[in-house]
Amino acid sequence: MMKKLTEWVEWIGEGKLGPLDAAIALAALYCAFQVLTSSLVSHLAGTSVSIDDAEQLIYLPYLWAGYGGSQPPLYTWIVWTATHLLGTSVMTLKIIKYALIFLALFSVNRAVRRLGFSSTTAAAASFGLMTIAQILWESQHTLTHSVAALAFSALALLTLVRLFKSPRPLNYALFGLVAALAILAKFNDIIFLFAMLAAGLSVREFRPAILSRWLLLSGVIVVLGLTPTVLWSYQHPEAILARVYKFGIDQPHQDFFFVRANGLRELAEAIFNFSVLTAVICGASFAAERLNPTARLSGSNPGEKFVGRTLAFGLAALMLLVLVSGTTTIRDRWLMPLLFLLPAYAAIRAQLLGPRGKEVRYHIISVGLTLAVLAIPVTWYAQAMGGKGKSRTVRLDYQALLSDLQADGPVGTILASSSWIGNFRLVDDNLVLLNREVPKFDALLRQPAVLVWLDTDEPETEILDRLRQIGYSEAGQVKTVAVPERFGGAEGRRVSFVRLKKQQPANPAAPD
């Protein structure tokens, strides 16, 4: 049995499936399987999508240069394109997510190969991503923009490595395009791009490609690609700054040095939380073969230097950013566009430490694949059941709730404080769906409109204030209904709503 397992892992690292490396083919099959099965689970269970995907459904009718919630527009552009081609469905959203996850796995694999390392090292680098909880679980379960950030960071890595090996104008143009897309996927991808360029500049073999005048072409394409979103952000500062509070920057009454020390502590904790599982797995793999992953290498390898220094420069940039900005809150998922390189660096080090390093890479491949397979039923459960709090909204019967909202007449717009109402798009594609973060709120609101909220007696004051600013008020009494909830109790989920009316402006006073 163990012999068969070893042969199978060796085949994944070194074999072929048709024209493709076995590792790439297996990654594609895994992602396709998850698309089909998770969509089927959603269909059979009658459930919808999580908050992050529901937010995308809110913006589905609009192709803008930017959107609300302090998020860049690329993921929403991808959703807009895919749904216009394939239709609005849970399966379309799953295709988008797993296509991006596959792009990350593929790009890491090919980048490591182009740096001159073996197919086994490349397989360990890509399947090692599945040892990162934010990729193994959160990316499959709920994240959207962060998944795009991971995919296009990995693609930027591949295009830059391609440029190192073949510094032609076309490759500089391609790198500029992918770099722009990476920034439009998640603004913090700028840190990763800086880290890669700094690392490339520090490696003698790659320095000429970075110092080439053709890099200006990359810069021009980045600027052109970002210009529409930069102009849009300038015109909609409230949208781009909507979630800046999450960084915990505003600490006016606390000591300057205390705030910075607290920010560095938060950064260290986020790095630990993000990398601990990968570090334990890779460390145990090295220990099993009695290898020291930090041992001094006998020779110089530009690829190893580049990947290691990219990590080092990126972490240094993060520390500097925390010190300059006074950030005191850092989420571990924000580090994904940089620390996804950890498994690749471990696999590269394993190869360079000699023959026993191959066994280390086999361990990483086998553990990564095992975790990926074990995650499958858990992702099915999450698709059917959601989670606690707002994540429970995947189980609401939106068709029944829409019927309740339309009991007193047709509804053109549904409003709420949170993005969960995006799930109504799966029931009626013609509805206008708004939360308080949607730009052009007042222009988009179409009567008749209804305000909806969950589990409380009153809606959040922020959404009420926003409505009153544009002249809307409650029309009639608040109604509360018990909406059927899949796999929930017989009492259902408590949902309250009230119709809205537009206040007529007062008549101007008659002239004397």
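The structure is a predicted model, in which local features need pLDDT of at least 70 and side-chain atom pairs count only at pLDDT 80 or more, whereas totals for chains, interfaces and linings use all residues. Residues are numbered from 1 along each chain as its sequence is written, and side-chain values use heavy atoms, with hydrogens and water left out.

A nonpolar core is taken here as a set of buried Ala, Val, Leu, Ile, Met, Phe, Trp, Tyr and Cys residues joined through side-chain atoms within 4.5 Å, where buried means under 20% relative accessible area, exposed over 50% and partly exposed in between (1.4 Å probe, protein chains only). The largest nonpolar core has 106 residues, of which Phe152, Leu157, Met196, Phe306, Phe340 and Ile365 touch the most other members. The most residues in this core, 14, come from helix 8 (residues 145–165); helices (H or I, at least four residues) and strands (E, at least two) are DSSP runs, numbered from the N terminus. When residues up to four places away in sequence are not counted, Met196 touches Ala156, Leu157, Leu160, Phe175, Phe306 and Thr310, with contact meaning heavy atoms within 4.5 Å. A second, separate core of 45 residues includes Val411, Ile414, Ile421 and Leu433.

Helix 3 (residues 51–58) is mostly covered, with seven of its eight residues buried, namely Ile51, Asp53, Ala54, Glu55, Gln56, Leu57 and Ile58. These buried residues of helix 3 pack against helix 4, helix 5, helix 8 and strand 4 (432–434).

Two packed helices are described by the angle between their axes and the distance between the axes. Axes are lines fitted to C-alpha atoms, for helices over the stretch in contact, and angles run from 0 to 180 degrees between N-to-C directions. The axes of helix 4 (residues 74–86) and helix 5 (residues 90–114) come within 9 Å and cross at roughly 130°. Helix 4 is therefore oblique to helix 5, since angles under 35 degrees count as roughly parallel, over 145 as roughly antiparallel, 65 to 115 as roughly perpendicular and the rest as oblique. Their contact is made by Tyr75, Ile78, Val79, Ala82, Thr83 and Leu86 of helix 4 and by Thr92, Leu93, Ile95, Ile96, Lys97 and Leu100 of helix 5.

Helix 7 (residues 133–141) and helix 18 (residues 357–385) pack at an angle of about 25°, with their axes 10 Å apart, which means that helix 7 is roughly parallel to helix 18. In this pair, Leu136, Trp137, Gln140 and His141 of helix 7 meet Leu371, Ala372, Ala375, Val378, Thr379 and Ala382 of helix 18.
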